[in-house]
Amino acid sequence: MLYKSGVRFKLQTFAGKMVNTVYRDEESGIQDREGKEESILALLGIVGTILNLAVIIFVYLYTTL
């Protein structure tokens, strides 16, 4: 017999034993997308920081000369 509980878990009974299993495909797909988004945001943060430093250095050199 197969009983569904919620979206992610399913309960299976085998000769009187209940076993909880997880849908790994759905979770891995979600985690892949989240990991990709996090890496893009981290890269954008690094690029933004470098550009801010370049502007600060340029303004410092421009005002001192």
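In which element does tyrosine 62 lie?

Tutor: Tyrosine 62 lies in helix 1. The model is predicted, so local features need pLDDT of at least 70 and side-chain atom pairs count only at pLDDT 80 or more, while totals for chains, interfaces and linings use all residues. Residues are numbered from 1 along each chain as its sequence is written, and side-chain values use heavy atoms, with hydrogens and water left out.

Helices (H or I, at least four residues) and strands (E, at least two) are DSSP runs, numbered from the N terminus. Confidence is given as pLDDT, the predictor's confidence in each residue, from 0 to 100. Its mean is highest in helix 1, at 88, and lowest in strand 1 (residues 2-5), at 50. The average for the protein chain is 76, and 57% of the residues score at least 70.

One aromatic pair is found in the whole structure. The ring centres of phenylalanine 58 and tyrosine 62 are 6.2 Å apart and the planes meet at 20°, so this pair is stacked. Rings of Phe, Tyr and Trp (its six-membered ring) pair if their centres lie within 6.5 Å; planes under 30 degrees apart count as stacked, over 60 as edge-to-face and the rest as tilted.

Tyrosine 62 counts as exposed because its relative accessibility is 63%; phenylalanine 58 is also exposed, at 57%. Buried means under 20% relative accessible area, exposed over 50%, and partly exposed in between (1.4 Å probe, protein chains only). Buried residues make up 3% of the 65 residues in the protein chain.
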